[in-house]
Amino acid sequence: MSKVLDIANNQFALLSGVSVPQTIGTAYTAVAGKNSLFFGTVEFSDTVTVPTTANLVFLGINVDFKQDVNVQGTLDWRT
């Protein structure tokens with residue numbers, strides 16, 4: 001079975017472009033059974049959660065976690 005690449009659960013949809021530093025102002029939970037991708041510069045203002053069957057991928061980025069990170073699934077950080 002193939003997996004779907006979900007670009008940050010559409011967090012970027014309302015912003016002007018992915019080259020702009022992104023701030024995720026609410027708690028972020030990766031979707032179970034999906035691969036979620038962030039790239040560019042991103043700040044998480046609240047807790048980040050990666051459930052057991054979820055994959056969270058950071059691709060060549062600067063990440064600033066302001067709160068807790070709860071990883072039960074996979075966190076893949078590639079520079």
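How many aromatic pairs does the count come to? The count comes to 9 aromatic pairs, where rings of Phe, Tyr and Trp (its six-membered ring) pair if their centres lie within 6.5 Å, and planes under 30 degrees apart count as stacked, over 60 as edge-to-face and the rest as tilted.

A note before the views: this is a predicted model, in which local features need pLDDT of at least 70, side-chain atom pairs count only at pLDDT 80 or more, and totals for chains, interfaces and linings use all residues. Residues are numbered from 1 along each chain as its sequence is written, and side-chain values use heavy atoms, with hydrogens and water left out.

View 1. Let us start with Phe 38 and Phe 44, an edge-to-face pair with 5.1 Å from centre to centre and 80° between the planes. Phe 38 has a relative accessibility of 0% and is therefore buried (under 20% relative accessible area; exposed is over 50%, partly exposed in between; 1.4 Å probe, protein chains only). Phe 44 is buried too, at 0%. The ring centres of Phe 38 and Phe 58 are 6.1 Å apart with the planes at 50°, so this pair is tilted. It links distant parts of the chain, as Phe 38 in strand E4 and Phe 58 in strand E6 (residues 55-65) are 20 residues apart; strands (E, at least two residues) and helices (H or I, at least four) are DSSP runs numbered from the N terminus. Phe 58 is likewise buried, at 0% relative accessibility.

**View 2. Ala 32 in its loop.** Ala 32 sits in the loop between strand E3 (28-29) and strand E4 (35-44). With a relative accessible area of 47%, Ala 32 is partly exposed. Beyond its neighbours within four places in sequence, Ala 32 touches Thr 53 and Ala 54, contact meaning heavy atoms within 4.5 Å. Pro 51 is 19 residues from Ala 32 in sequence, yet their C-alpha atoms are 6.0 Å apart.

**View 3. Confidence along the chain.** Mean pLDDT (the predictor's confidence in each residue, from 0 to 100) is 79 for the protein chain, with 73% of residues at 70 or more.
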